Amino acid sequence: MGGQALRRSVFGPLPGEGRWGTVLLMDGNIGIGGDPGALLHRTAQLLRPGGLLMTETDPADIDERAEVRVVRHGRDTVGEPFPWARIGTPALLRIADRAGWRTAAQWAAGGRRFVALRTPGNRSTSSSAEPPKSTAVISSQRPR
C-alpha cells in the first residue's frame, strides 16, 4: 500500500470526503486553525457515518487561542504567524457536545490525554472505541 502523503490544508478539498473511517490528530493538532469548533465541523465532513475522531488534548483544563510562529532554534528565520489553539479535555468535550459529537472514550497514557469522539447526529453505526491496550502504540516526535 505505498501511497503518497498529501500536503494540503485540512480546510481545503481532500480526497474521499465523507468516506473517511477515522481521523487522528496527535501532538495538539486539534488546535489547527485556531478554532477547535471549526475543526470539529470540518472533521465531521470528512468522516463517514459513525466515523471516529481520535485526538490528543492538553492535560490542563485550558481553552486558549493565539497566533503562533514556527521558530527554528539556532537560526534567525521565523515563519509567518498562524492561528492555533490549545485545548484540554473538558473544554473540547463541551465544544464537541454542543456540536452533536458523542464521546466514545477518554484515556491517559505516558502523561498524555486522549479523547475519541463519534460523528454528530444519528449517523453512528457503533459506539465503542477502546483506548490502546499498550502505551507502545502511542509515540511522539516532540522532545520531552
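# Close-up views of a predicted protein model

**View 1. Threonine 89, with a relative accessibility of 5%, counts as buried.** Buried means under 20% relative accessible area, exposed means over 50%, and partly exposed lies in between, with a 1.4 Å probe and protein chains only. The model is predicted: local features need pLDDT of at least 70, side-chain atom pairs count only at pLDDT 80 or more, and totals for chains, interfaces and linings use all residues. Residues are numbered from 1 along each chain as its sequence is written, and side-chain values use heavy atoms, with hydrogens and water left out. Threonine 89 is found in helix H2; helices (H or I, at least four residues) and strands (E, at least two) are DSSP runs, numbered from the N terminus. Neighbours within four places in sequence aside, threonine 89 is in contact with Thr57, Asp58, Ala60, Gln106, Arg113 and Val115, where contact means heavy atoms within 4.5 Å.

**View 2. The protein has two helices and six strands.** From the N terminus on, its elements run β-α-β-β-β-α-β-β. Of the 144 residues of the protein, 35% count as buried. Among contacts with a separation of 6 or more, 66% join residues 24 or more positions apart.

**View 3. Helix H1 spans residues 36-46 and has Pro36, Leu39, Leu40, Arg42, Thr43, Ala44 and Leu46 as its buried residues.** The cover over these residues includes strand S1 (20-25), strand S2 (47-57), strand S3 (63-68) and strand S4 (82-87), together with helix H2 (89-98) and strand S6 (112-118). At the start of H1, a side-chain oxygen of aspartate 35 reaches to within 3.1 Å of the backbone nitrogen of glycine 37.

**View 4. H1 passes H2 in a right-handed crossing.** A crossing is right-handed if the near helix is turned clockwise from the far one by less than a right angle, and left-handed if anticlockwise. The axes of the two helices come within 10 Å and cross at roughly 50°, which makes H1 oblique to H2. Axes are lines fitted to C-alpha atoms, for helices over the stretch in contact, and angles run from 0 to 180 degrees between N-to-C directions. Angles under 35 degrees count as roughly parallel, over 145 as roughly antiparallel, 65 to 115 as roughly perpendicular and the rest as oblique. Pro36, Gly37 and Leu40 of H1 meet Leu92, Ile95 and Ala96 of H2. By class, this contact of H1 with H2 has five nonpolar residues, one polar residue and no charged residues. Ala, Val, Leu, Ile, Met, Phe, Trp, Tyr, Cys and Pro count as nonpolar, Asp, Glu, Lys and Arg as charged, and the others, Gly among them, as polar.

**View 5. Helix H2 has Thr89, Ala91, Leu92, Leu93, Ile95 and Ala96 as its buried residues.** What covers them includes H1, S2, S3, S4, strand S5 (102-109) and S6. Just after H2, glycine 100 takes a positive phi of about 90°.

**View 6. Phenylalanine 11 lies in the segment before S1.** Its relative accessible area of 41% makes phenylalanine 11 partly exposed. With neighbours within four places in sequence left aside, phenylalanine 11 is in contact with Ile32, Gly33, Ala38, Leu39 and Arg42. The C-alpha atoms of phenylalanine 11 and isoleucine 32 are separated by 9.7 Å, and the two residues are 21 residues apart along the chain.

**View 7. Aspartate 27 is found in the loop between S1 and H1.** Most residues other than glycine have a negative phi. Phi of aspartate 27, however, is near 55°, a positive value in a residue other than glycine. With a relative accessible area of 29%, aspartate 27 is partly exposed.

**View 8. The side chain of arginine 112 makes a polar contact with the side chain of glutamate 56, at 2.6 Å.** A polar contact is a pair of N or O atoms within 3.5 Å; within protein, one must be able to donate a hydrogen and the other to accept it, and residues adjacent in sequence count only if both atoms are side-chain atoms. Arginine 112 has its place in strand S6 and counts as buried, at 5% relative accessibility. Leucine 24 lies in strand S1. Leucine 24 counts as exposed, at 53% relative accessibility.

**View 9. Proline 59 has its place in the loop between S2 and S3.** Proline 59 is exposed, with a relative accessible area of 58%. Apart from neighbours within four places in sequence, proline 59 is in contact with Gly111 and Arg113. The C-alpha atoms of proline 59 and glycine 88, 29 residues apart along the chain, have a separation of 5.8 Å.
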